[in-house]
Amino acid sequence: MRPSDILIVGGGMVGAALAMDLGRRGIPARVLEARPPEWPAADEPPRLRVSALNRRSIEYLQEIGAWSWLDQARVADFDEVVTWDISGEGRLSFTAAELGLDRLGVFVENQHLQAALLAAVGELQAVQLDAPAATLHIEPGENGPALSLEGEGLLEPGLVVAADGAMSPLRDAAGIGVWEGDYDQHAVVASVRPRPLAGRTTWQRFTPEGPQALLPLADGNASLVWYVKPAKARELLALSDKQFIHAVEDAFPSDLGLIDVLYDRGSFPIRRRHARRYWQGNLVLVGDSAHAIHPLAGQGVNLGLRDARDLAARIAEAHRKALPVAHSPMLAAYERARRPDNQLMQSTMSLFHWGFTAPLGPLARVRSAGLGLAGRGGWLKRRVLRYALEGR
Ligand SMILES: Cc1cc2nc3c(=O)[nH]c(=O)nc-3n(C[C@H](O)[C@H](O)[C@H](O)COP(=O)(O)OP(=O)(O)OC[C@H]3O[C@@H](n4cnc5c(N)ncnc54)[C@H](O)[C@@H]3O)c2cc1C
């Protein structure tokens with residue numbers, strides 16, 4: 001690779017979006033993605049990992065030319081969000097109609113979005129896509145991690161982008177530490193066919209154990225998310241399918257109805273991580289390698305796409321001015337722009353988590369009253385809405 005080249009390690013949703021953004025501007029880049037893209041077949045049940053994309057992310061995907069690559073039959077619009085607390089009357093509900101919008105956002109399977117992005121990237125002249133890539137060996141070095149690709153040897157790009165996820169080996173090899181914390185919670189996720197079929201409403205009920213949520217997917221299917229203690233997650237996963245269905249139907253609010261088909265289930269430990277630096281030398285972090293947040297409001301990939309958008313615009317600016325591709329003031333400006341936004345979202349999610357998992361009692365009445373108040377309209381509701389739709 002030449003010193004002017006950009007190497008993106010990780011072609012997940014964020015790395016692939018960044019590659020797309022750079023490539024459409026004619027900026028040379030290479031993407032290494034360990035796994036081959038997996039398109040879900042049209043008649044295949046929904047995959048387990050799904051993401052809510054807010055309006056800002058949808059606009060970004062449209063802007064970089066990736067949106068049209070998605071199979072719209074597997075993209076589910078949602079136009080109502082309802083949130084309430086198990087202990088009280090307070091309900092916060094908002095709809096697209098009251099805002100004069102056609103939808104509030106969409107749910108899409110992660111693998112589908114990733115495959116669409118990689119397919120779009122594969123068409124770009126300026127980007128070389130290796131998916132599946134040969135094994136990348138990463139060694140800590142004096143001037144940042146030394147990278148060598150099996151069968152090719154040492155890679156010496158001008159800029160290395162770590163888009164390699166929350167456990168980022170690149171971040172670790174660079175010696176960039178993280179602030180991290182454990183929520184002592186797992187998200188038990190199930191893809192199901194509910195009865196009645198899921199519509200266009202996504203709901204979340206807070207309980208002292210953690211939230212329970214229904215995310216509507218295409219074709220009436222849904223993704224159920226149940227936040228529980230790690231031991232309970234293990235118990236739930238050890239149940240037979242039939243027992244698991246009963247456990248969910250018993251624990252979830254009647255809004256769920258029944259589960260006709262359980263397609264798949266799994267569990268994910270919930271941790272927060274925030275990198276102490278977003279860049280060092282010629283290495284820069286984007287997406288989950290820089291920050292991982294509690295997923296209760298489904299904002300993780302939305303933040304990552306904003307990292308990609310910001311970084312791509314700054315690289316393009318450096319390119320225009322014929323500055324080095326890892327120009328340090330440019331990377332510092334990227335961190336200054338993105339860290340406060342990511343930090344605010346991470347802290348807000350932690351606040352929600354601690355506030356809503358507190359035992360029932362006086363605090364329960366306060367949070368219930370808070371939801372009721374927010375639900376009645378005015379400034380608070382507008383604020384919550386802006387946060388949900390745009391993440392700011
Ligand atoms: C239960 C749960 C629910 C969630 N729900 C939502 C939601 O509703 N909305 C939302 O916005 N976010 C949600 N998130 C968060 C979201 O999934 C992450 O923020 C998002 O996946 C981060 O994308 P990424 O591209 O940064 O990292 P990843 O998705 O982790 O992608 C990293 C990629 O790098 C590749 N890779 C790693 N190392 C190498 C290497 N050495 N060589 C080549 N390739 C490599 C991997 O194969 C992978 O494809 C949720 C998270 C969880 C745990």
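Me: Which residue stands opposite Ser223 in S16?

Reply: Two strands pair if DSSP finds at least two bridges between them, and strands (E, at least two residues) and helices (H or I, at least four residues) are DSSP runs, numbered from the N terminus. Here Ser191 is the residue opposite Ser223 in S16. Strand S13 (residues 178-195) pairs with S16 in the antiparallel sense, over seven bridges. This is a predicted model, in which local features need pLDDT of at least 70 and side-chain atom pairs count only at pLDDT 80 or more, while totals for chains, interfaces and linings use all residues. Residues are numbered from 1 along each chain as its sequence is written.

Me: How many bridges join strand S15 to S16?

Reply: Five bridges join strand S15 (residues 212-216) to S16, and the two run antiparallel. Within this pairing, Gln212 stands opposite Trp226. The hairpin of S15 and S16 has five residues between the strands, and Asp219 takes a positive phi near 65° there.

Me: Why is S16 described as largely enclosed by the rest of the structure?

Reply: A residue is buried if 20 or more other C-beta atoms lie within 10 Å of its own, exposed if 12 or fewer, and partly exposed in between, with C-beta atoms placed from the backbone. Strand S16 (residues 222-228) is largely enclosed because seven of its seven residues are buried.

Me: Which residues of S15 lie on each side?

Reply: Gln212, Leu214 and Pro216 are on one side of S15, with Ala213 and Leu215 on the other, and all are buried. S15 also pairs with strand S14 (residues 201-206), antiparallel and over three bridges; Gln204 stands opposite Ala213. In the hairpin of S14 and S15, Gly210 takes a positive phi near 145°.

Me: How many residues surround the ligand, and which are the closest?

Reply: A residue is near a molecule if its C-beta atom, placed from the backbone, lies within 6 Å of it. The ligand is surrounded by 32 residues, the closest being Gly10, Gly12, Gly287, Gly298 and Gly300. The elements giving two or more residues to this shell are helix H1 (13-24), strand S3 (50-54), S13 and helix H7 (300-320). H7 gives the most, with four residues.
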